[in-house]
Each structure stands twice: as C-alpha cells, then as structure tokens.
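Open the model in your viewer and keep the selection tool at hand. We will go from one stop to the next.

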Amino acid sequence: MSMDEFLAQLTHRLGYLPYAEVKKTTDFYREAIADRMEDGMTEREAVAAVGSLDDIVREIEMNLPLSTVVKTRVEDARERAKERRGNLGLKIVILILTFPIWFSLLAAGFAVVFSLAAGLFALVLAFGAAEIALIVGGLVTAVLALVILPYPGLAPRLMLSGAGLLMASLGLLVIPVTALMEKIVSGVFRYTARVVKRCILRGRGTEA
Amino acid sequence: MDAQLRRGILEVCVLKALSDGESYGYRIVKELSPYVTMSESTLYPILKRLEGSGALTVASREHNGRLRKYYSITAEGFRRIASFLTEWEDVMRAYDYIKGDQRHEKN
C-alpha cells in the first residue's frame with residue numbers, strides 16, 4: 001500500500017472523529033512513514049512498518065475519552081436515522097407503543113447503575129467522614145478535658161483526655177483504609193468506563 | 001502481560017528515551033527496539049497520553065522541507081520515571097519472593 005492510500009484509508013476509518021483529531025493522527029503517520037523512508041525503507045515497507053490500520057484504529061479508539069465515544073455513537077445513530085428516513089414514521093409509532101416496556105427497563109437499569117455508583121461514593125464518603133470525626137473529635141476532647149471541663153480532680157480529666165487521644169489515633173488508622181477504598185472505587189469506575197467504551201466500540205464495528 | 005501494566009511500562013520507556021534530550025517518533029521507536037516491541041501505532045496513543053498528563057511537550061520544526069514533531073520530557077515526566085523506579089523495587093522484591101518459593105517447590 002502506498003502512503004497516500006494508507007493515509008486516505010486511515011482518514012476514512014477515523015472519519016467520525018473531529019477534523020483536528022484526524023489531521024493530527026494522519027500528520028503523525030505521514031511523518032513516521034517519511035522518517036522511515038529517509039532511513040532507507042521503500043514506501044511500502046515504511047507503510048507496513050508503522051502498524052496495521054486495524055491496530056492503529058483500535059489503539060486510538062481505546063484511548064478516546066468515554067464522552068467522545070458516546071457522542072460519536074449518538075451522531076452515528078442520528079446519521080443512520082437520516083439515511084433511513086423512509087421508515088421513520090413507523091419507528092416512531094413502534095417506539096410510542098412500546099414506551100411502557102423500554103422506558104421502564106431503561107429507568108430500572110439507570111436506577112441500578114446509579115444506586116451502585118452512589119453506594120460506592122457513600123462508602124468512601126463515610127470512611128472520610130469517620131476519619132475526620134475521630135481525629136477532630138478526639139483532639140478536641142483531649143484538650144478540653146484538661147483545660148475547660150469542670151471535673152473534680154486530675155484522674156477523670158486525664159482519663160477523658162486519654163480517651164480523646166485514643167479516638168484521634170483510631171482516626172489516623174482509618175486514613176489508609178479511606179485511601180484504599182478511594183483507590184478501589186476509582187478503579188471500579190475506570191474499569192466500568194473501559195467496559196462500556198469497549199461495548200460501544202464493538203457495537204459500532206458490527207454496525208459499520 | 002496485563003495490558004495496563006504493559007501500557008505503564010511503555011510510557012516510562014518513552015519518557016526514558018526522551019530523558020537525554022528531545023526526540024521524534026521514529027527515533028523513539030528505533031531507540032526502544034532492542035528493549036521493547038513497539039511500532040508507531042503503539043507509540044502514538046502513548047505520546048498523546050503523556051502530552052495530556054504534562055509529562056512531555058511537543059514542538060514542530062522544519063526538517064528536509066517538511067514539519068517534524070519533537071517531543072521533550074518535562075519535570076513531571078522525570079517525576080514519573082522516579083516514581084516508577086521506586087514502585088518497581090517493591091515489584092522486584094515480590095518477584096524474588098515468588099521465584100524463591102518456586103525454587104523451593106522444585107527441590
């Protein structure tokens with residue numbers, strides 16, 4: 001394949017991306033092929049060496065932000081709807097008639113995903129709140145017990161102050177647990193985003 | 001190898017290739033070829049990610065009548081290399097432990 005053919009096919013395969021992104025990508029590969037040719041390769045060898053079109057497109061798609069993938073998918077669907085405008089009336093009627101089914105399923109799915117996400121957030125938030133409460137409450141108790149509280153004698157004051165310090169140290173112990181929870185939850189979100197993106201891209205591939 | 005792990009290692013390899021001075025796509029691929037298998041299709045998203053995270057900067061300059069992009073490592077890029085090396089020491093300790101256990105099992 002010649003460089004022009006390669007770049008034309010790459011432009012076509014990435015046609016759904018913003019123009020600036022496609023240009024940036026084709027510029028990169030044009031430069032890479034030119035560099036390899038300067039190094040003594042023939043044009044065809046240089047094109048073959050930069051990687052297969054499938055690999056290039058897959059790598060680019062897997063690195064796109066989820067929002068771009070979803071936006072692209074919506075635009076694709078809109079384009080396809082325009083192309084099949086002949087059946088549009090029938091589709092609208094079917095959509096309206098089946099509304100109670102698909103809407104309730106969609107709402108249930110959304111509710112499940114939302115509640116899971118909220119649950120995970122709440123978990124991290126709860127650990128964070130416990131950490132702050134224990135540290136602040138513990139330190140305040142430790143100081144106030146010695147300075148302000150009107151307990152008779154030193155022993156109860158020292159005991160209360162010690163309890164405060166114990167609380168604060170418990171709070172310090174919760175810090176790594178909170179950090180771990182945060183890491184796990186953000187990992188779960190990142191993994192979910194990757195799976196969703198892969199499903200969307202696979203969907204695009206089978207429809208194209 | 002796990003895709004995420006491989007991606008992370010390749011990112012640091014690219015940063016290392018830039019640590020002695022600016023470079024361009026093909027030269028990075030050539031420099032890394034004795035150590036890792038990488039073509040431009042793998043390198044391109046890595047460069048984009050590194051640029052996005054502030055680990056490198058890009059500047060276009062003319063070369064033989066055409067524009068060529070030169071990539072330079074930033075302070076953040078050097079920090080990434082240092083943090084990778086520190087974390088990798090933990091991994092190597094675990095590796096030695098696992099390898100040692102296997103040796104015992106064989107005996």
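This is a predicted model: local features need pLDDT of at least 70, side-chain atom pairs count only at pLDDT 80 or more; totals for chains, interfaces and linings use all residues.

Residues are numbered from 1 along each chain as its sequence is written, while chains are lettered from A and ligands numbered from 1 in the order in which they are written.

**Stop 1: chain B.** Select chain B. Four helices and two strands make up its secondary structure. Helices (H or I, at least four residues) and strands (E, at least two) are DSSP runs, numbered from the N terminus. Along the sequence the pattern is α-α-α-β-β-α.

**Stop 2: two helices.** Select α1(B) and α2(B). They pack at an angle of about 105 degrees, and their axes are 10 Å apart. Axes are lines fitted to C-alpha atoms, for helices over the stretch in contact, and angles run from 0 to 180 degrees between N-to-C directions. So α1(B) is roughly perpendicular to α2(B) (65 to 115 degrees). Now show B:C13, B:V14 and B:A17 of α1(B) with B:I28, B:E31 and B:L32 of α2(B), which make the contact (C-beta atoms, placed from the backbone, within 7 Å).

Stop 3: Move to β1(B) and β2(B). Eight bridges join these strands, which run antiparallel; strands pair if DSSP finds at least two bridges between them. B:T57 stands opposite B:S72. Two residues lie between the strands, and B:N64 in the turn has a positive phi of about 50 degrees.

**Stop 4: where the chains meet.** Show both chains. Here 15 residues of chain A are in contact with 14 residues of chain B. On the chain A side, α2 and α4 each give two or more residues. The largest share, seven residues, comes from α2(A).

**Stop 5: the core.** Which residues touch the most other members of the largest nonpolar core? Select B:V14, B:L18, B:L43, B:L47 and B:L50; the core has 26 residues. A nonpolar core is a set of buried Ala, Val, Leu, Ile, Met, Phe, Trp, Tyr and Cys residues joined through C-beta atoms within 7 Å. Buried means that 20 or more other C-beta atoms lie within 10 Å of a residue's own, with C-beta atoms placed from the backbone. The largest share of this core, five residues, comes from α3(B). Finish on B:L50. Leaving aside neighbours within four places in sequence, its contacts are B:E11, B:V14, B:L15, B:A55, B:L56 and B:G77.

Note on methods:
A residue is buried if 20 or more other C-beta atoms lie within 10 Å of its own, exposed if 12 or fewer, and partly exposed in between; C-beta atoms are placed from the backbone. Two residues are in contact if their C-beta atoms, placed from the backbone, lie within 7 Å. Angles under 35 degrees count as roughly parallel, over 145 as roughly antiparallel, 65 to 115 as roughly perpendicular and the rest as oblique.
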